[in-house]
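Me: I'm new to this one. Can you walk me through how the helices pack?
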Amino acid sequence: SSVLLDKEYQNSTKYPLLNQHFIGWFVETEDSFFDSEKVTFMDFSVEQNGNTRFMYVLPFSKNKALFEYTLFSKKILSEKEYEDEIILYLNKIGLKDYSIFKKEQGNIPMTVFPFWNKNKKRVLFIGSAGGWTKASTGYTFKNSVRKASEVVSFLKQENVDFRKFHKWNKYNFYDSLFIDVLFQNNHLGKEVFSSMFTKVNPSLILRFLDENTTLFEDFKIIMACPKLPFLKVLLKKIIK
């Protein structure tokens, strides 16, 4: 089941919750404006306003692209606030003649809340309801592809019990530190991500986000992040 049965995770004090919320415009231009070979992963040049805010740009062709205004924060914005920022961004890059042929909107929970505790012997929760959303990025699809493969292997065992399906790993711990840092200091997102991408090879960071790195590689990425905020939340976890 991919259905969230309750909203306990939203009110948890033990597991902080950030929302990854966004509105995207699919735009089309008459002239060739985009380079379909280049994606803008996180453009933090937008005003942060005390949050973690960025623009994501995905060109599909020379005249079609998705512009997605995204936040990692506690509170959701009004629809107008997202769209005003998209308009500002389009003006900034010199794109004034365009048409909007599609819009999308979403909100992804970013939390290490143990959704898998809801699993029963014969019932498995999947997707966000199963804790398959990566807390630090909101990525769900690629995680779900990997998890689906794990489900297949799990079903081949004797005496299948889905209460034993989830396995805690080092990335769950990393994500918990990251969420704690941004929950307490939401304005630090730009600094954290910018430090990572300027000091570490981007391909390594993407492998890290895909949970496919060694401990040594993890250490290289961790050392690229601002130290004090992470040390503070780590100390709190140790004391608890």
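Me: How do the axes of α3 and α6 cross?
Reply: This is a predicted model, where local features need pLDDT of at least 70, side-chain atom pairs count only at pLDDT 80 or more, and totals for chains, interfaces and linings use all residues. Residues are numbered from 1 along each chain as its sequence is written, and side-chain values use heavy atoms, leaving out hydrogens and water. The axes of helix α3 (residues 170-184) and helix α6 (residues 215-224) come within 13 Å and cross at roughly 10 degrees. Therefore α3 and α6 are roughly parallel to each other (angles under 35 degrees).

Me: Which residues meet there?
Reply: K170, Y171 and Y174 in α3 meet L215, D218 and I222 in α6. Contact means heavy atoms within 4.5 Å. Four of the contact residues are nonpolar, two are charged and none is polar.

Me: Which residues of α6 are buried?
Reply: E217, D218, I221 and A224. Buried means under 20% relative accessible area, and exposed means over 50% (1.4 Å probe, protein chains only).

Me: What covers the buried ones?
Reply: The cover includes α3, α4 (189-199) and α5 (202-209).

Me: New topic. Which residues touch the most other members of the largest nonpolar core?
Reply: F178, V192 and F230, out of 28 residues. Such a core is a set of buried Ala, Val, Leu, Ile, Met, Phe, Trp, Tyr and Cys residues joined through side-chain atoms within 4.5 Å. The largest share, seven residues, comes from α3.

Methods. Axes are lines fitted to C-alpha atoms, for helices over the stretch in contact, and angles run from 0 to 180 degrees between N-to-C directions. Helices (H or I, at least four residues) and strands (E, at least two) are DSSP runs, numbered from the N terminus. Angles under 35 degrees count as roughly parallel, over 145 as roughly antiparallel, 65 to 115 as roughly perpendicular and the rest as oblique. Ala, Val, Leu, Ile, Met, Phe, Trp, Tyr, Cys and Pro count as nonpolar, Asp, Glu, Lys and Arg as charged, and the others, Gly among them, as polar.
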